[in-house]
Amino acid sequence: SINLVLMDIKMPEMNGYEATNEIKKIRPELPIIAQTAYALAGEKEKILSAGCDDYLSKPIMGKVLLEKIDNFLSK
């Protein structure tokens, strides 16, 4: 059983926006945390509007990642 997805936005075959869209069609309640190297202005809003539930920019700090995961899994 999958309880949470860590989604990379830049992937070779299908980008993270497309993958998130497909996952949410099947499991709309499944939390998706996007991870991206793109820290440009407006990127967070774009990611959240694409269906991701949260966002992390790379390099990812372990403590922040674990806090976000815990936040979703403890609901």
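Predicted model: local features only at pLDDT ≥ 70, side-chain atom pairs only at ≥ 80, totals over all residues.
Which residues make up the largest nonpolar core?

Residues are numbered from 1 along each chain as its sequence is written, and side-chain values use heavy atoms, with hydrogens and water left out.

**The sheet**

Begin with the three strands, which form an open sheet in the order E1-E2-E3 with parallel pairing. Strands (E, at least two residues) and helices (H or I, at least four residues) are DSSP runs, numbered from the N terminus; two strands pair if DSSP finds at least two bridges between them. At the edges lie strand E1 (5–8) and strand E3 (54–57), each pairing on one side only. From one strand to the next the twist averages 25°; axes are lines fitted to C-alpha atoms, for helices over the stretch in contact, and angles run from 0 to 180 degrees between N-to-C directions.

Next, select strand E2 (residues 32–36), which four bridges join to E3 in parallel. Ala 34 stands opposite Tyr 55 in E3. Toward E1, E2 again pairs in the parallel sense over four bridges, and Leu 6 has Ile 33 of E2 as its bridge partner.

Colour E2 by burial, where buried means under 20% relative accessible area, exposed over 50% and partly exposed in between (1.4 Å probe, protein chains only). Five of the five residues of E2 are buried, so this strand is largely enclosed by the rest of the structure. Ile 32, Ala 34 and Thr 36 point one way, and Ile 33 and Gln 35 the other way.

**Helix H1**

Select residues 16–26: helix H1 packs on the sheet, touching E1 and E2, and its direction makes about 150° with that of E1. Contact here means heavy atoms within 4.5 Å. Gly 16, Tyr 17, Ala 19, Thr 20 and Lys 24 are buried in H1. Seen down the axis of H1, these buried residues fall within an arc of 160°, so they line one face of the helix; the arc is that of the directions from the helix axis to the C-beta atoms. Their cover includes E1, E2 and helix H2 (43–49). On the face turned away from the buried side of H1 are the exposed residues Lys 25 and Ile 26.

**Helix H3**

Move to residues 62–73, where helix H3 packs on the sheet, touching E1, E2 and E3, with its direction at about 170° to that of E3. Leu 65, Lys 68, Ile 69 and Phe 72 are its buried residues. They fall within an arc of 95° seen down the axis of H3, so they line one face of the helix. E1, E2 and E3 are among the elements covering them. Lys 63 and Leu 66 are exposed on the face turned away.

**The cores**

Finally, show the largest nonpolar core, whose 11 residues are Val 5, Met 7, Ile 9, Tyr 17, Ala 19, Leu 30, Ile 32, Ala 34, Ile 47, Cys 52 and Tyr 55. A nonpolar core is a set of buried Ala, Val, Leu, Ile, Met, Phe, Trp, Tyr and Cys residues joined through side-chain atoms within 4.5 Å. E1, H1 and E2 are the elements that give two or more residues to this core. A second, separate core of six residues includes Leu 4, Ile 33, Leu 56 and Ile 69.
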